[in-house]
Amino acid sequence: MPIFPYDGAGVMVPCGAMLYGGPGRTHHHFFHWNTVSELLVSWGTNEAMIPTGSLMATQPFHGVNSFLRDETKEGTFALVTITQRQSSEAGQSEALTAKCAKCKKDLVKFEYGSAPEGAPDHDPNAFGDETDVFPQFSTQWGGVEFVRIRNSDDVRVCANCGHENEIFDLRPWGWDRLVGQTRVSNAAFHALAGSAKEVLG
Ligand SMILES: [Zn+2]
């Protein structure tokens, strides 16, 4: 999740990610493509593939998983930030790709424009509503849409080899929670503003 509610054109956006293991936990694996640069800083990890205190400049197209050696093991964790710099020019976009666990062919590639506020191709209704006071962050919105498509029966059953891929579990990632809570925060702001108008005139 973005740590600060600022994600306009040219802005540096540090996003926090907390990954941890436990019985039955699975984060699956997907690929993220982003036209803007991302820098990962690992603030503290235990039994993870990223050592504590390391920096990593990711490739524009990179694999994402929990980075834990054994994600079903209690006590394993990775606390990282991923900072991206928002574009000031047109064309910022990203994509999420899922591959078949068996034959490794693409199941789905979900690509979308993620132009920030202030960029020439920004769409204020792309991820939320133009009246929002708290912005929906493009990557969380994209993650929720991606998983909805990825888990549909048409996509989950591989067109190439017929393998029935497991349901992608959104719970360890929590993108849907952040999208839902941001939506409610905006609605609550408007509810209060509306009520104040009624009461105070
Ligand atoms: Zn397959």
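Tutor: On a 1 Å grid over the protein atoms alone, a pocket is an open set of points where a 1.4 Å probe fits, with protein on both sides within 12 Å along at least five of seven lines, and lining residues have an atom within 4 Å of a point. Grid points are joined across faces, edges and corners, and a volume is the space filled by probe spheres set on the points. This is a predicted model in which local features need pLDDT of at least 70 and side-chain atom pairs count only at pLDDT 80 or more, whereas totals for chains, interfaces and linings use all residues. Residues are numbered from 1 along each chain as its sequence is written, and side-chain values use heavy atoms, with hydrogens and water left out.

Student: In what order do the elements of the protein chain run from the N terminus on?

Tutor: Helices (H or I, at least four residues) and strands (E, at least two) are DSSP runs, numbered from the N terminus. The protein chain has three helices and eight strands. Their order is β-β-β-β-β-β-β-β-α-α-α.

Student: What volume does the largest pocket have?

Tutor: The lining of this pocket comprises 37 residues, and M1, G16, A17, W173 and W175 are the closest to its centre. The volume of the largest pocket is about 890 Å³.

Student: Which element gives the largest share of the lining of the largest pocket?

Tutor: Several elements each supply at least two lining residues, among them strand 3 (38-46), helix 1 (138-150) and helix 3 (175-200). The largest share is six residues, and they come from strand 1.

Student: How many charged residues are in the lining of the second largest pocket?

Tutor: Ala, Val, Leu, Ile, Met, Phe, Trp, Tyr, Cys and Pro count as nonpolar, Asp, Glu, Lys and Arg as charged, and the others, Gly among them, as polar. The second largest pocket holds about 370 Å³ of space, and of its 22 lining residues D7, E117, H122, P135 and Q136 lie nearest its centre. By class, nine lining residues are nonpolar and seven polar, while the number of charged residues is six.

Student: Is C15 buried or exposed?

Tutor: Buried means under 20% relative accessible area, exposed over 50%, and partly exposed in between (1.4 Å probe, protein chains only). C103, at 25%, is partly exposed. Because its relative accessibility is 11%, C15 counts as buried.

Student: How many disulfides does the structure hold?

Tutor: A disulfide is a pair of cysteine sulfur atoms within 2.5 Å. The number of disulfides in the structure is zero.
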